[in-house]
Amino acid sequence: MDLETARGKISDVDRKLVDLLNERARLSLNVGAAKRQWLKEQGTDGEPEVYVPGQEKRVFEKVRGLNQGPLSGESVCAIYREIMSASISLQSEVTVGYLGPPGTFSHQAALKRFGDSLAYVPYAKIEDVVAAAAKEEITYGLVPIENSTFGAVVQTLDTFVDQPSVKIRAEVYLPVTQALLSRYQLSAIRKVYSHPQAFGQSRRWLDQHLPNAARIDVSSTAKAAELAASENYTAAISSEVCASMYNLDVVAKDITTAKDNTTRFFVLGQSSDNPTGDDKTLLMFTVDHREPGALCGALNVFAKHKINQTAINSRPSRQRQWHYMFFVEIIGHEQDANVSSALCEIKSYCLDLVVLGSYPRQSY
């Protein structure tokens, strides 16, 4: 096939693609209208959920199965991400809050989950994102929950203690590669800004290459880049994306200790999704610390009902000194029969029990 013929055939395919994309968009609008009608028949006020992670997961699995190449499964899913993002924006005005400023890993994770067609709102602190989601000032919020190298993001856990009404709708995994950004050569750097998580993920490199530079915590890696761009003899640990955004040089690439460094995020909203058959649930509870074996008894309930626990963390409850709130992530959905039975039984061991949400389990 010669060049002009190939280009002509591509033009024909493009016309068909545009028609099909608009046909799909119209069907998406029909879905939104059907949801609103169903809510009206149920006597429920408000807008229907436009981001349904269980359905999204099924769509991605389906298109991967239909794909026969030469495009990779990842490429096809990336295309569908933007198709679905555009469809969501047609159904409703959706705003997504994240830990800003623009360029943070939270921003990148939000774009990975929701695509380019929605409105994004940066917040200065994690607690501001969670509070905005709880008050419905935004449609959804996205916050980091843990890193594979440095562990739990305690600011997010502490905020759940203060805002227990918010619900987790989905989880997002983002590979994270830290870089050292500056306007100066390595030998001239006297001060480094970054988020505590980023410092933890790159501590070994800093100990070796900048052992005497002051390390100053800030609210986000993008904020660190912003400061490094305005101060002398200063650097930031941030993503390479921020280098171009803040006119900084990449002094050193990939300075993370673990090369498979990954951060997990939660998508927050007003409710959780329905069961998919492959879900997780995050619980928050306290026990009577004066009662011997109270925590052990609570955790044994999960074993009794054959429920696997994937993570457990604790944070001060702030109710009184040396009293802790426990966060336990389990496999299963709140509505699953065995999980529902376990939650009823575990209440006898708990002073407080909050289901923070159930969400589809995502692959890394």
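**Sheet, domains and cores**

Modeller: This is a predicted model. Five strands form an open sheet with mixed pairing, in the order S8-S7-S9-S6-S10.

Biologist: Which strands stand at the edges of the sheet?

Modeller: Each edge strand has a single partner strand, so one side of each is left without a neighbour in the sheet. From one strand to the next, the twist averages 35 degrees. The edge strands are S8 (214–217) and S10 (249–252).

Biologist: How many bridges join S7 to S9, and which residue stands opposite Tyr193?

Modeller: S7 spans residues 191–194 and S9 spans residues 234–238. The two strands run parallel and are joined by three bridges.

Biologist: Which helix lies across S6, S7 and S9?

Modeller: The helix covers residues 221–228. Its direction is at about 160 degrees to S9. It is helix H9.

Biologist: How far apart are the C-alpha centres of domain 1 and domain 3?

Modeller: The domain assignment gives domain 1 as 1–92 and domain 3 as 179–255. Domain 2 (95–176 + 265–271) and domain 4 (273–360) complete that assignment. Between the C-alpha centres of domain 1 and domain 3 the distance is 39 Å.

Biologist: What does the UniProt annotation say about residues 95–270?

Modeller: The end C-alpha atoms of this span lie 14 Å apart. The span is 31% helix and 33% strand. The entry is unreviewed, and its annotation for these residues reads "domain: Prephenate dehydratase".

Biologist: Which element gives the largest share of the largest nonpolar core?

Modeller: That core has 25 residues; Phe160, Phe266, Leu268, Leu282 and Phe327 touch the most other members. Elements giving two or more residues include helix H6 (154–162), strand S11 (262–269) and strand S12 (279–287). The largest share is six residues, and it comes from H5.

Biologist: Leaving aside neighbours within four places in sequence, which residues are in contact with Leu282?

Modeller: Leu282 is one of the core residues that touch the most other members. Its contacts include Ile168, Val328, Val354 and Leu356. Also among them are Phe160, Phe266 and Phe327.

Biologist: Which residues does the second, separate core include?

Modeller: This core has 20 residues. Among them are Val50, Tyr51, Leu118 and Val267.

Conventions: Residues numbered from 1 in each chain as written. Predicted model: local features only at pLDDT ≥ 70, side-chain atom pairs only at ≥ 80, totals over all residues. Heavy atoms only, no water. UniProt positions renumbered as here; feature names shortened; annotations may be inferred. Helix = DSSP H or I, 4+ residues; strand = E, 2+ residues; numbered from the N terminus. Core = buried A, V, L, I, M, F, W, Y, C linked by side-chain atoms within 4.5 Å. Buried < 20%, exposed > 50% of the residue type's maximum accessible area, 1.4 Å probe, protein only. Contact = heavy atoms within 4.5 Å. Domains from an automatic or database assignment. Pairing = 2+ DSSP bridges. Axes fitted to C-alpha atoms, helices over the stretch in contact; angles between N-to-C directions.
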